[in-house]
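User: I would like to learn how to read packing features in a model. Please take me through them one at a time.

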Amino acid sequence: MPSNILKSPRGMRSYLPETAVELEEIEGNIRQTFRLWGYQPFITPTLEYYEALTVGMGSRLKKELYKFIDYEGNILTLRPELTAPIARTIAARVGEMTLPGRFSYSASVFRYDEPQTGKNREIYQMGVELIGEGESKADAEALILAIEAILKTGLRDFKFDIGHTGYLDGIIEELKLDREEIDQIKTYLNGKNIVGLNNYIEKLGIANKDLLYKLPGLRGGKEILNKAGDMVSNNRSREALQNLRDIYAYVADYGLADYLTFDLGLIRGFDYYTGVVFEGFTEKLGYTICGGGRYDNLIRQYCQRDIPAIGFAIGLERVRLALKKQSYHFQEDKIDDLFLFPADKRKLALATARTMREKGYIIILEERDKFSTELIEYAGEMGTGRIVSFHPADSVEVVKIKDKERFKQEISEGWEGILWPK
């Protein structure tokens with residue numbers, strides 16, 4: 001027997017119903033929130049051309065791509081995120097689009113990363129892209145929607161860190177760093193490797209490098225923006241800070257400012273970000289549950305048109321793990337009744353099941369000639385409320401699984417309303 005015949009590829013997972021139902025509940029709550037904000041579903045292919053998908057992608061993420069060569073010699077890749085595929089599609093079909101556009105998605109993405117708890121190689125994400133709006137009100141809308149969508153799942157103990165690529169870019173310009181130095185500093189910041197960052201800065205032969213040392217410490221409430229402003233003299237950094245103040249004011253007006261903290265050292269792993277960036281996290285989980293930001297130049301790299309955009313993605317499995325740590329009780333999708341019937345009562349049983357399903361009852365069917373103890377055990381394991389047997393003449397026999405109570409109900413006018421009152 002091949003050694004892998006019963007295994008999933010490393011980092012990929014199958015979900016049994018108990019977990020799948022929980023993920024489905026989270027997905028339904030997030031989808032409803034997206035819909036209430038007017039975001040319409042958007043679907044892109046699972047496979048993309050490598051050259052199309054790597055536009056604006058950071059070097060770290062390129063190393064995590066699953067790549068294939070098809071029968072025509074093209075290099076294809078499994079999508080590692082949804083922003084670039086949506087941006088490519090918008091660029092290709094911009095003439096058919098009405099902008100600004102609000103789009104949502106739910107799909108798997110694939111990253112060849114070391115599997116850890118909640119960090120699989122196949123990641124199920126939901127997210128949105130707001131295309132064609134470049135103002136801070138759009139930044140705030142994305143941030144508010146991300147917070148509200150996570151709240152809708154039932155998670156309460158979480159925060160969002162907000163940063164801005166413009167603040168770091170202004171400092172970089174001020175210090176006149178070269179490309180290699182910039183990439184190295186961003187790599188350390190992205191990995192939150194403070195020791196590595198400090199060691200690297202120490203070797204740089206530049207003036208005013210204290211700014212770089214202080215960058216990771218610029219984290220906290222809105223007062224941190226004034227402190228960060230006092231440290232810089234360039235317009236780009238100051239404009240970034242004003243953008244963050246405007247976003248904060250908008251989110252505060254919506255009543256969700258308590259979920260925000262600022263982190264001026266926040267760098268996300270995509271090179272296409274051009275403005276505000278943010279990450280949602282919960283202390284109990286230890287890694288992010290949501291991430292996003294503004295990417296005003298990405299679509300231009302596909303179609304030479306300036307179309308500003310912002311978006312975010314939520315990791316459903318990570319939200320599920322966070323909810324578990326919060327002792328959240330997921331809804332139980334219990335089976336109401338198991339209908340047991342012989343062949344000569346099939347028509348009556350099927351008609352009754354159809355009527356009750358239309359009323360919202362969950363009914364499973366079992367065509368058998370006899371009642372059995374094993375059937376009661378099976379119904380119990382399935383979480384079924386009752387067995388309704390159509391075997392008796394002119395009546396049904398009902399067995400309540402929990403307390404084993406049995407009774408007969410005559411099939412006469414109004415009998416369905418007695419057994420299924422809603």
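User: Are Phe160 and Phe278 buried or exposed?

Analyst: Buried means under 20% relative accessible area, exposed over 50%, and partly exposed in between, with a 1.4 Å probe and protein chains only. Phe160 is buried, and Phe278 is too. This is a predicted model: local features need pLDDT of at least 70, side-chain atom pairs count only at pLDDT 80 or more, and totals for chains, interfaces and linings use all residues. Residues are numbered from 1 along each chain as its sequence is written, and side-chain values use heavy atoms, with hydrogens and water left out.

User: How many aromatic pairs are there?

Analyst: A pair of aromatic rings is described by the distance of the centres and the angle of the planes. Rings of Phe, Tyr and Trp (its six-membered ring) pair if their centres lie within 6.5 Å; planes under 30 degrees apart count as stacked, over 60 as edge-to-face and the rest as tilted. By this rule there are 16 aromatic pairs. Take Phe160 and Phe278: the ring centres are 6.1 Å apart and the planes stand at 50°, so the pair is tilted. Phe160 lies in strand β7 (residues 159-164) and Phe278 in strand β10 (residues 276-281), so the pair ties together parts that are 118 residues apart in sequence. Helices (H or I, at least four residues) and strands (E, at least two) are DSSP runs, numbered from the N terminus.

User: Which residues form one aromatic cluster?

Analyst: Phe34, Phe158, Phe160, Tyr259, Phe278 and Phe312 do.

User: Where does the charged end of Arg121 sit?

Analyst: A charge sits over a ring if NZ of Lys or CZ of Arg is within 6 Å of the ring centre and within 35 degrees of the ring normal. The charged end of Arg121 sits over the ring of Tyr112, 4.2 Å from its centre. Arg406 lies over the face of Phe371, with 5.0 Å to the ring centre.

User: What does Glu64 contact, leaving aside its neighbours within four places in sequence?

Analyst: Contact means heavy atoms within 4.5 Å. Glu64 touches Phe110, Arg111, Tyr112 and Asp113. Glu64 lies in the loop between α3 (59-62) and β3 (67-69). Its relative accessibility is 9%, so Glu64 counts as buried.

User: How many residues of helix α4 are buried?

Analyst: Eight of the 10 residues of α4 (residues 83-92) are buried. They are Thr83, Ala84, Pro85, Ile86, Ala87, Thr89, Ile90 and Ala91. Their cover includes β2 (47-49), α2 (50-53), β5 (101-110), β6 (122-131) and α12 (300-303).

User: Why is helix α13 largely enclosed by the rest of the structure?

Analyst: Eight of the 10 residues of α13 (residues 316-325) are buried, so the helix is largely enclosed. The buried residues pack against α1 (17-36), β6, β11 (288-294) and β12 (309-315). After α13 comes Ser327, whose phi is positive, near 60°.

User: At what angle do the axes of α6 and α7 cross?

Analyst: Axes are lines fitted to C-alpha atoms, for helices over the stretch in contact, and angles run from 0 to 180 degrees between N-to-C directions. The axes of α6 (residues 165-175) and α7 (residues 179-190) come within 12 Å and cross at roughly 145°. Leu168, Asp169 and Ile172 in α6 meet Ile182, Lys186 and Leu189 in α7.

User: Where is Asn297?

Analyst: Asn297 is in the loop between β11 and α12. Its relative accessible area is 43%, so Asn297 is partly exposed.
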